[in-house]
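Student: Please show the model, so that the terms used for it can be set against their definitions.

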Amino acid sequence: MSDSLFADASLRLEKALKYVSLSEDTKERLKHPKASLIVSIPVRMDDGSLRVFQGYRVRYDDTRGPTKGGIRYHPNVSIDEVKSLAFWMTFKCAVVSLPFGGAKGGITVNPKELSRMELERLSRGYIDAIADFIGPDVDIPAPDMYTNPMIMGWMMDEYSIIRRQLIPAVITGKPVTIGGSLGRNTATSMGAFFTIETIMSKFGYIPEKTTVAVQGFGNVGAFLAELLCQAGYKVVAVSDSQGGIYYSKGLDIPSIRQYKESNKGIQAVYCKGSVCNIVEHQILTNKELLALDVDILIPAALENQITEESVKDIKAKFIFEAANGPTTSAADIILEDRGIYVFPDILVNAGGVTVSYFEWVQNRSGLYWTLDEIHQRLKEKMLAETEQIWQISQELSVSMRTAAYVHGLNRLGEAINAKGTRAYYMKD
């Protein structure tokens, strides 16, 4: 991961600062993460050898409450990437008005190379190393790229062992049977779907006549593609890390998801029961998918997919960022100049942290909600914040990304000011 990722992420803040009236205290506070931790995690491998992995956790800002953010396992995880993701989480929580600050964590590892027992040792070792850095009133981790409910369950269990008491609220995204929330595993996709529906209705688009391409067919991208397919949208292309497929008449997303779960790959198929037949399709690279002439493009994979070099090939009219940081600041400027609407990650993929908040609340109260209640609360939250950001965008004549940062900055500024600023202390 490039060392410039955090610097590039910070440029979004500088642009939004022109449209808000903030104290110097707020500006200074938001330039720096509150705390960063780098740990070494020794793991006994199945063959008896010892490997040491690098782990990270960054708490960016806790003005509005304990910090919140996922843990990712990936070979490219670095302190720069984790700091950038924690920065985005700070604004994401403010944008959807959650009583949290932003954090992020990760381990530099390819989890596909580990056995399940090695993965458990690594996960428990990570919590053992950062146990004094997290807690239900301090910092609450959650799943992210290549982590899942099982891993979150191991982590919650390890923390509880260390503290000698059961503390489910320390981790969200757990299995439902040990304190997880219904709807958490699909929350990011559901939140993105509600945002897309809200925005597309403003432009008069009819789902059946709206084409969609989704880059990234993991947990978020695959379920979001299925939600759109069920709502009538024509999903014509999807891809994973190995490449993608395209069919102009629309893909049968539920069948493709079923095929991938069984075969660990993507094929354009139609399934009836357990029998799947391959149908006509075109093979694409991820770069070619980004350049398709579609109405909606959804980056749902890694950071920095739409860059200054690749942006010239973008033909989509609307981009909804289901991934974190898929568009560089340089590409943002070009997209805006071309009149392409970009709906930012700190709004579009905020459904995950919103339902994580619901899980945290349920863990602390001991009262658990039905799936319908979760979906309704999530829908109300996403629609309300999308509408507010849309209004800011229209009133200030700025992009939706800048409007989202303005929205978040106003809330963060109010919280920081509430603790006292230079203006308060120097008052006669």
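**Terms and values**

Tutor: Of the elements lining the second largest pocket, α10 gives the most, with five residues. The model is predicted, so local features need pLDDT of at least 70 and side-chain atom pairs pLDDT 80 or more, whereas totals for chains, interfaces and linings use all residues. Residues are numbered from 1 along each chain, and side-chain values use heavy atoms, without hydrogens and water.

Student: Why is R164 called exposed?

Tutor: Exposed means over 50% relative accessible area, buried under 20%, and partly exposed in between (1.4 Å probe, protein chains only). R164 has 72% relative accessibility, and therefore counts as exposed. R164 is found in the loop between α5 (149–163) and α6 (187–202); helices are DSSP runs of H or I, at least four residues, and strands runs of E, at least two.

Student: Why is S97 called partly exposed?

Tutor: The relative accessible area of S97 is 31%, so S97 is partly exposed. The loop between α3 (79–95) and β4 (101–108) holds S97.

Student: How do you know that the buried residues of α8 line one face?

Tutor: In α8 (residues 253–263), I253, S255, I256 and Y259 are buried. Their arc, taken from the directions from the helix axis to the C-beta atoms, is within 155°, so they line one face of the helix. The face turned away from the buried side of α8 carries the exposed residues E261 and S262.
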